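Here's a quick briefing to read with the model open beside you. Have a look at the fold first, then work through the points below.

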Amino acid sequence: LVAQGPDVLCEAGFDGGEDKAETCHTILEKSYKATSDSTKHTYVERGSTYNIKGVGPLIFMCVSDESFGRRLPFVLLNDISHTFFAKFPELEDPNNKIDVHDENATSRFRGFAKVLRSKMDKYSNSPEFDKIKQIRQGLDEVKEVMIENIEKVIQRGEDIDVLVNKTDDLHLTSDSFKKSSRKLRQSMCWANFKMKAVTTLGFMIVLYVLMAMFCGADLSQCV
């Protein structure tokens with residue numbers, strides 16, 4: 001649409017129906033005071049962008065799907081504003097304001113709605129938009145792959161944590177086993193030593209008894 005302040009001079013039909021038209025007019029009424037010469041604003045509402053360009057007292061506004069991004073809608077608005085001023089060159093002077101209450105003054109702008117519609121159709125079917133759409137689809141696919149990879153890394157991190165915990169448990173078990181083995185080996189060595197000592201002592205006692213039988217208790221007879 002094209003407006004002077006909150007007053008609409010001409011507009012093309014909205015593909016989104018009355019809801020988008022109502023939202024567009026509401027945004028215009030609330031934002032026109034903050035819209036001055038060469039200012040640009042974009043408002044996002046329910047998957048649609050409401051793009052505003054100010055040129056002097058005039059406001060050019062278009063509604064587009066959010067998938068169009070920010071650049072293409074303002075290219076459309078630049079094209080519309082240039083065409084508008086080419087048709088109404090006297091309005092390039094910001095001092096030449098339109099009397100919106102004069103029916104004769106405003107009726108001449110209504111035919112510009114056809115220009116708005118043709119421009120909208122042109123940019124809606126623009127090859128540039130197809131390229132932008134392809135790029136966005138590619139970015140969305142890359143985003144999905146990245147999210148999937150991040151989820152796998154997170155899952156892998158959880159698996160690594162579990163493995164680390166198991167390794168720690170195994171390490172503790174290994175240390176306990178080593179200590180138990182060391183104690184068992186010491187116990188077995190001590191038992192072996194005692195067995196050898198008892199065997200040696202027993203052998204010496206038997207040997208003494210045999211010698212005592214033949215040599216006497218003090219072994220003097222065998223000397």
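Two strands are said to pair if DSSP finds at least two bridges between them, and strands themselves are DSSP runs of E with at least two residues, numbered from the N terminus. With that in hand: in this predicted model, Ala3 has Ile59 in β5 as its bridge partner. The protein has five helices and five strands, and the pattern along the sequence reads β-β-α-β-β-β-α-α-α-α.

**Overall picture**

- Of the protein's 223 residues, 25% count as buried.
- Among contacts with a separation of 6 or more, 51% come from residues 24 or more positions apart.

**The sheet**

- The five strands make an open sheet, in the order β2-β1-β5-β4-β3, with antiparallel pairing.
- At the edges sit β2 (7-10) and β3 (40-45), and each of these pairs on one side only.
- On average, neighbouring strands here are turned by 30 degrees against each other, direction ignored.
- Helix α2 (residues 71-87) packs on this sheet, where it touches β1 (2-4), β3, β4 and β5. The direction of α2 makes about 145 degrees with that of β5.
- As a reminder, strands of a sheet pair through backbone hydrogen bonds, either parallel or antiparallel.

**Strand by strand**

- β1 and β2 are antiparallel and pair over three bridges; Gln4 has Asp7 in β2 as its bridge partner.
- The hairpin of β1 and β2 has two residues between the strands, and Gly5 there takes a positive phi near 65 degrees.
- β1 is also joined to β5, by three bridges in the antiparallel sense; the Ala3 and Ile59 pair belongs here.
- β4 and β5 (residues 58-65) run antiparallel and are joined by eight bridges. Lys53 stands opposite Phe60, and Ser48 is opposite Asp65.
- The hairpin of β4 and β5 also comes with two residues between the strands, and Gly56 in the turn has a positive phi of about 60 degrees.
- β3 and β4 are antiparallel too, joined by six bridges, with Val44 opposite Thr49.

- Arg46 is found in the loop between β3 and β4, a hairpin with two residues between the strands.
- Its phi is positive, about 55 degrees, although Arg46 is not a glycine. For context, most residues other than glycine have a negative phi.
- Is Arg46 buried or exposed? Arg46 has a relative accessible area of 78%, so it counts as exposed, the cut-off being over 50%.

**Two buried loop residues**

- Thr39 is found in the loop between α1 and β3. The relative accessibility of Thr39 is 18%, so this residue counts as buried, where the cut-off is under 20%.
- Which residues does Thr39 contact, leaving aside neighbours within four places in sequence? They are Ile52, Lys53 and Gly54.
- Leu91 lies in the loop between α2 and α3 (103-107), and this residue is buried with a relative accessible area of 6%.
- Not counting residues up to four places away in sequence, Leu91 touches Leu58, Phe84, Phe85, Asn96, Ile98 and Phe109.
- Leu91 and Pro57 are 34 residues apart in sequence, with 9.3 Å between their C-alpha atoms.

**The second largest pocket**

- The second largest pocket has a volume of about 180 Å³.
- Its lining is made up of 10 residues, and Asp19, Lys20, Thr23, Arg46 and Tyr50 lie nearest the centre.
- Which elements give two or more residues to this lining? Those are α1 (18-31) and β4 (48-55).
- The largest share of the lining, five residues, comes from α1.
- Sorted by class, the lining has five charged, four polar and one nonpolar residue.
- Arg46 turns up again here, as one of the residues that lie nearest the pocket's centre; this is the exposed residue with the positive phi.

Technical notes
Residues numbered from 1 in each chain as written. Predicted model: local features only at pLDDT ≥ 70, side-chain atom pairs only at ≥ 80, totals over all residues. Heavy atoms only, no water. 1 Å grid on protein atoms, 1.4 Å probe; cavity = no way out; pocket = protein on both sides within 12 Å on 5 of 7 lines; lining within 4 Å. Points joined across faces, edges and corners; volume = space filled by probe spheres on them. Helix = DSSP H or I, 4+ residues; strand = E, 2+ residues; numbered from the N terminus. Nonpolar A, V, L, I, M, F, W, Y, C, P; charged D, E, K, R; others polar. Axes fitted to C-alpha atoms, helices over the stretch in contact; angles between N-to-C directions. Contact = heavy atoms within 4.5 Å. Buried < 20%, exposed > 50% of the residue type's maximum accessible area, 1.4 Å probe, protein only.
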